[in-house]
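This briefing goes through a structure topic by topic. Please look at the sequence and coordinates below before reading on.

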Amino acid sequence: MKKIVKDKLPSLWEQLSSQATLFLPVEQDGVVNFAPWEEGDSVNLEALNTVVPPKNVVFPQTETYMRFKVENDKLHIEPFEQNGPYVLFGARPCDVAGITLLDKVFLQEPEDGLYSRRRREGTVISVACNEPDAACFCTSFELEPGMAPGADIMVWDMGDYLLWKAQSEKGEKLTGSVENLLQEAAEEEQKAAMELKERVTAKEAAAAQEMGWDPSGVKETLKDMFDSDIWEQFFRRCLGCGICTYICPTCHCFDIQDYSKDQEGGRFRCWDSCMFADFTLMGSGENPRPTRKERVRQRFMHKLCYYPSNFGLYACVGCGRCVRKCPVNLDIAQVIKEVGGVKSGSE
Amino acid sequence: MKQLAEIMKDIAAQSLSRGEVDLVIGWQKGPLWWQSYPAFIEGNEGNGETGSLTWDSFCVPNLSRYLLEELPERKKVALFVKGCDALGFNQILQDKRAEREKVVLYGIPCTGLVDPDKVESAGLGRGLLEVKRDGDELVFVYDSGEQKAQARDFLYDKCLTCRYPNPVVYDQMLGEAAPVQPEERFESVQELEKMDADERFAYWARQFSRCIRCFACRNACPACSCRECIFDIPEPRWLGKANELSETQFYQIIRAYHVAGRCVDCGECTRVCPVNIPLQELNRKFIKDINELYGEYDAGVDPEQEAPLVTYKTDDPAAFTES
Amino acid sequence: MAQNNLLLPQVAVVEEISTETSDIKTFKVASQGGGSPLEFLPGQCAMLSLPPVGEAIFSITSSPTEKDYLEFSIKKTGSVTNFLHEIEEGYQLGVRGPYGNGFPLEMLKGKDLLFIGGGIGLAPLRSLINYCLANRGDYGQVDIVYGARTPDDLVQRAEIFDNWPRASNTNVYLTVDVEWEGWDGHVGFVPQYMEEIGFAPENRIAVTCGPPIMIKFVLEGLERMGFKPEQVITTLELKMKCGVGKCGRCNLGDRYVCKDGPVFTYAELLNLPPEY
């Protein structure tokens, strides 16, 4: 393992951004989000979660993929892609896990070329969490706040320095390119980091347990709960906004739209939300999910029942963003708790 | 405040069991200290759920807006209203989206609500179990004990400038009137007015560049009461779905214009925004302009009062097209 | 360059447009160099692109045995279809696909087939009917019950009136919802007519497509006639965008209609949430 002293981080940003687009958690008006780093940006590595997860790096909110031109009756189409290597620095372990859940959707057959190219071109550096938030419950999904197996490089914040461990070929390569800024880590430093990691995991797991945020069994219970009254108690307070879906590291629904000036333009895909009224509205005017009740049910069933049925894992990483940001506290942790309660109640 | 919560529970149980209303909308406590969310209690005696009603420093969601969805399905609805909820209710009434006789209002005098972000920023969030209000103070409860602080330091900015902490409309008032001591609400607007047009454009461009187009600002707003919002109509799609600054500006400017003269200044738009866009500041610029152009007007205070931007007068001295 | 960008259409040409009814037209689409732009199975769909208006998905109504073109019967319902109804022959559009599972051809082999269609719902059935008639030896008796609101709303008139009734061991039963001047055929709703004629379920598969309300009554009628849910096949229509099971719009339980459907047996549907 290596380490980098924090004084050298500005040099690291400069060096990384000279070889690739460097995404870092950047603070603006009190909001921390991942953005391509520019000289003078206020980098915030302490903020636990960015408002928007770094899914927008691998799956941009808006992504033009085609240009077109209509001339008389002739149609010209050409692919449009913004290529280029990038480094994502500072993704938390839950967010890295979120990306691996997106992988399952986009990389399964037929493979999504736009997504897989972005995944290939990127190197992901994850920063371990030393102090999880009250809303964090990644341990409920067998994740560790101090470890991201899906990251190319894992970094632990040890105060004056970051402990640095390459975990993949891409990670090794990037490590080699900034070797001038790194030092070898002493054995006791590595040991301290691993001890910290274990402590943090145990602490968060205990807190999540106490809150009743235990999803085990929920996917089975939910199979018989499509018609349950439980959705009645959830949906009424839902505002029908898209906060939960857009800040969720695993939500991946998208729309496809054209834009044009005269007869020339482009086609893009963009995030969409199953919470929106027009998401399933058909041209005929029919809507199979006409009210917030069906939409709220769909969102939680998808995360906790349908996705697991297809991929064996819950589509939630316990990042706690919806717990923090839903304006009416209709979050997945509460749903897990309530649904879990139904199971034990019926036994 | 504990007392008030008890009164709320009793009154809700009473009006449900007597069949006076078939739905009570109030607030309920969630599992975490900052979670107090809208509660919907129905049926005879509320199925025993009236006991879950709460009143604490986090009952911030404006409940008036829920009438838009709930009222058509119900005979009569009881609503607990803070000052800002009552203003929202009156606006919905004025916009002809609710009938007064179908609603029972229980007024709650409000001494300001706590902004969880301010608690976190002060470093008081770790291990926090509960926040209690004790007069002008807040009591932060931890496993290890309690800590007190001045409540005013932790209230939402919108509460610090609130001019109507006591409901302007109610059928029954619960509790003593709260003191009215608002700070100047147009201070940040005045700062914006000092900028030249380019600076102001840059300021709002920066704010709007963070917008993720979740529409929470619209969906939380008691003045956004259209049956179908223009931005939800798929064909023709007026607002492009690309998250680009020009589209966002189009959305945000239309939104602000559409609530101009009807915005009750409840500040829910700013509270719900996940990326801290100061939307209330934009709305207040409109309020300030309306006050200066047409005389002082507070939307939501009196639903019978003529609203400045929707009142047509044949003797209007200004031509329609005059800029 | 694009690497396996699934969403990128190829340019194709509208070779022929025929007017079926007041709001339905059939479009014959071929590659720029001629020939069908895609290889597909009956029941599969394709996405048609009309920049700058957008894209929409349609079932392919021609049979895969027809190698020179794809056909789509399209009703005016929204911006893309409205635009399609305005274009003229020779217009270029984008095509991508094929999408979906298609009809279970192996399961149909050797069986008697009962097709029940309503209005524009004949479109996907027609692909299969013509496929079966082109491979006549593989299938038993073919019965087609098809109806529309009025005689003017019936589509593919040459086939329903002439070609199909003339095919061997094939019956066509037509009906319209309301009495109509000049119509001396059957009057009544499709589901009732189907039951009036009566079909034995033995060794028979029923395939139905039409408006949701028709499908609902057809399924009930088939059950009364003794058809098991495994013997009944239908196609679903939900809003779709990507066509490849990723955009999430047509999610139905753990299935994606664009990829795992649109063809389902009634038995499969009974295990899915009723959100269609």
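The points below cover salt bridges, cores, one interface, a surface patch and some backbone features.

The model is predicted: local features need pLDDT of at least 70, side-chain atom pairs count only at pLDDT 80 or more, and totals for chains, interfaces and linings use all residues. Residues are numbered from 1 along each chain as its sequence is written, chains are lettered from A and ligands numbered from 1 in the order in which they are written, and side-chain values use heavy atoms, with hydrogens and water left out.

**Salt bridges**

- Over all chains, a search of the whole structure finds 71 salt bridges (a side-chain nitrogen of Lys or Arg within 4 Å of a carboxyl oxygen of Asp or Glu).
- Arg74(B) and Glu42(B) form one of them, with N to O at 2.7 Å. This pair links distant parts of the chain, 32 residues apart: Arg74(B) is in the loop between helix 2 (67-70) and strand 3 (77-81) of chain B, and Glu42(B) is in strand 2 (residues 36-42) of chain B. Helices (H or I, at least four residues) and strands (E, at least two) are DSSP runs, numbered from the N terminus.
- Arg74(B) is buried at 10% relative accessible area, whereas Glu42(B) is partly exposed at 27%. Buried means under 20% relative accessible area, exposed over 50%, and partly exposed in between, with a 1.4 Å probe and protein chains only.
- Both residues also belong to a network of salt bridges that links Glu232(A), Arg236(A), Lys293(A), Glu42(B), Glu70(B) and Arg74(B).
- In the salt bridge of Asp265(B) with Arg185(B), the closest N and O atoms are 2.8 Å apart. The two residues are 80 residues apart, Asp265(B) being in the loop between helix 9 and helix 10 (268-272) of chain B and Arg185(B) in the loop between strand 8 (172-173) and helix 6 (187-194) of chain B.
- Asp265(B) is buried, with 16% relative accessible area, and Arg185(B) is buried, with 7%.
- Glu55(C) and Arg96(C) form a salt bridge whose closest N and O atoms are 2.7 Å apart. Glu55(C) lies in strand 4 (residues 54-59) of chain C and Arg96(C) in strand 6 (residues 92-99) of chain C, so the pair ties together parts that are 41 residues apart in sequence.
- Glu55(C) is buried at 13% relative accessible area, and Arg96(C) is buried at 3%.

**Interface of chains A and C**

- The contact (heavy atoms within 4.5 Å) takes 53 residues from chain A and 47 residues from chain C.
- About 4,000 Å² is buried between chain A and chain C, and carbon and sulfur atoms give 53% of this area. Buried area is the accessible area (1.4 Å probe) that two parts lose on being put together, summed over both.
- Six salt bridges are counted between chain A and chain C.
- Asp255(A) and Lys241(C) meet through their side chains in a salt bridge of 3.2 Å, N to O.

**Nonpolar cores**

- The largest nonpolar core has 227 residues, and those touching the most other members are Phe137(A), Trp55(B), Phe80(B), Phe140(B), Leu84(C) and Leu222(C).
- A second, separate core of 31 residues includes Leu108(C), Ile129(C), Cys132(C) and Ala148(C).
- A core is a set of buried Ala, Val, Leu, Ile, Met, Phe, Trp, Tyr and Cys residues joined through side-chain atoms within 4.5 Å.

**Surface patch**

- Ile230(B), Trp238(B), Phe250(B) and Ile254(B) make a nonpolar surface patch of about 370 Å².
- Patch residues have over 30% relative accessible area and no salt bridge; like charges are joined within 9 Å, nonpolar side chains (Val, Leu, Ile, Met, Phe, Trp, Tyr) within 5 Å. Accessible areas come from the Shrake-Rupley method with a 1.4 Å probe, and for residues only the protein chains shown count as cover.
- Ile230(B) is in the loop between helix 8 (216-219) and helix 9 (245-259) of chain B and is partly exposed, at 40% relative accessible area.

**Backbone**

- The peptide bond joining Glu235(B) and Pro236(B) is cis, with omega about -5 degrees; Pro236(B) lies in the loop between helix 8 and helix 9 of chain B.
- A cis peptide bond also runs from Pro51(C) to Pro52(C), with omega near 0 degrees.
- Asn203(C) is not a glycine but has a positive phi of about 55 degrees, and at 44% relative accessibility Asn203(C) is partly exposed.
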